[in-house]
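Student: Hi, could you walk me through this one? I'd like to go over its surface and side-chain contacts.

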Amino acid sequence: MQGFPSRKRGTTFDQVRLEDLGFIGNCQFASHVHRSGSIVWTCFPRFDSPPVFGKLLDEDGGEFRVGPRGGALGKQTYLRNTNILETRFETEEGSFRVIDFAPRFPLFDRTFR
């Protein structure tokens, strides 16, 4: 399977394999990141908000993609002992990596998301 599966209206959707999705979040919102470099599901600014990117369920649901021009799939791993997702791409033209995470930060003696 190359890239995100093609979906057509009125037909059965291709299945996205669970192993092709990474997950990032910060206890306030979460996102599913496909191996193609696309964020395919995000409800923002909270879990119960409408989706900002919803391509996981609907071809017209939108996505945000950072990946190679040719659509090659990357290899996803989490940096050790973190929820930081690294997607590595290797093409004939070169290689690069994309780092996805949803930080929490301290401010005014509180932890914000």
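**Surface and contacts**

Tutor: Happy to! Valine 66 is partly exposed, because its relative accessible area is 37% (buried means under 20%, exposed over 50% and partly exposed in between, with a 1.4 Å probe and protein chains only). This is a predicted model, where local features need pLDDT of at least 70, side-chain atom pairs count only at pLDDT 80 or more, and totals for chains, interfaces and linings use all residues. Residues are numbered from 1 along each chain as its sequence is written, and side-chain values use heavy atoms, with hydrogens and water left out.

Student: Where is valine 66 found?

Tutor: Valine 66 is in the loop between β5 (64-65) and β6 (75-78). Strands here are DSSP runs of E with at least two residues, numbered from the N terminus.

Student: Which residues make the nonpolar surface patch?

Tutor: Phe64, Val66 and Phe96 make a nonpolar patch of about 260 Å². Patch members have over 30% relative accessible area and no salt bridge, and nonpolar side chains (Val, Leu, Ile, Met, Phe, Trp, Tyr) are joined within 5 Å. The areas come from the Shrake-Rupley method with a 1.4 Å probe.

Student: Switching to rings, how many aromatic pairs are there?

Tutor: The count is three aromatic pairs. Rings of Phe, Tyr and Trp (its six-membered ring) pair if their centres lie within 6.5 Å; planes under 30 degrees apart are stacked, over 60 edge-to-face, and the rest tilted. One of the pairs is phenylalanine 29 with phenylalanine 44: the ring centres are 5.0 Å apart and the planes are at 80°, so this pair is edge-to-face.

Student: Where do those two sit in the chain?

Tutor: Phenylalanine 29 is in the loop between β1 (21-25) and β2 (30-34), while phenylalanine 44 is in the loop between β3 (38-43) and β4 (51-53). The pair links distant parts of the chain, 15 residues apart.

Student: And is phenylalanine 29 buried or exposed?

Tutor: Phenylalanine 29 counts as buried, because its relative accessibility is 16%. Phenylalanine 44, in contrast, is partly exposed at 45%.

Student: What about phenylalanine 53 and phenylalanine 64, how are their rings arranged?

Tutor: That pair is tilted, because the planes are at 40°, with the centres 6.4 Å apart. Phenylalanine 53 lies in strand β4 and phenylalanine 64 in strand β5, so the contact ties together parts 11 residues apart in sequence. Phenylalanine 53 is partly exposed at 21%, and phenylalanine 64 is partly exposed at 46%.

Student: Nice. How many salt bridges does the structure hold?

Tutor: The structure holds nine salt bridges, each being a side-chain nitrogen of Lys or Arg within 4 Å of a carboxyl oxygen of Asp or Glu. Among them, glutamate 63 pairs with lysine 55, with the closest N and O atoms 2.8 Å apart.

Student: Is lysine 55 buried or exposed?

Tutor: Lysine 55 counts as buried, because its relative accessibility is 9%.

Student: Which residue does arginine 69 meet in a salt bridge?

Tutor: Arginine 69 meets glutamate 93, at 3.8 Å from N to O. Arginine 69 lies in the loop between β5 and β6 and glutamate 93 in the loop between β7 (85-91) and β8 (94-100), so the bridge ties together parts 24 residues apart in sequence. Arginine 69 is exposed at 74%, and glutamate 93 is exposed at 70%.

Note on methods
Patches are made of residues with over 30% relative accessible area and no salt bridge: like charges are joined within 9 Å, nonpolar side chains (Val, Leu, Ile, Met, Phe, Trp, Tyr) within 5 Å. Helices (H or I, at least four residues) and strands (E, at least two) are DSSP runs, numbered from the N terminus.
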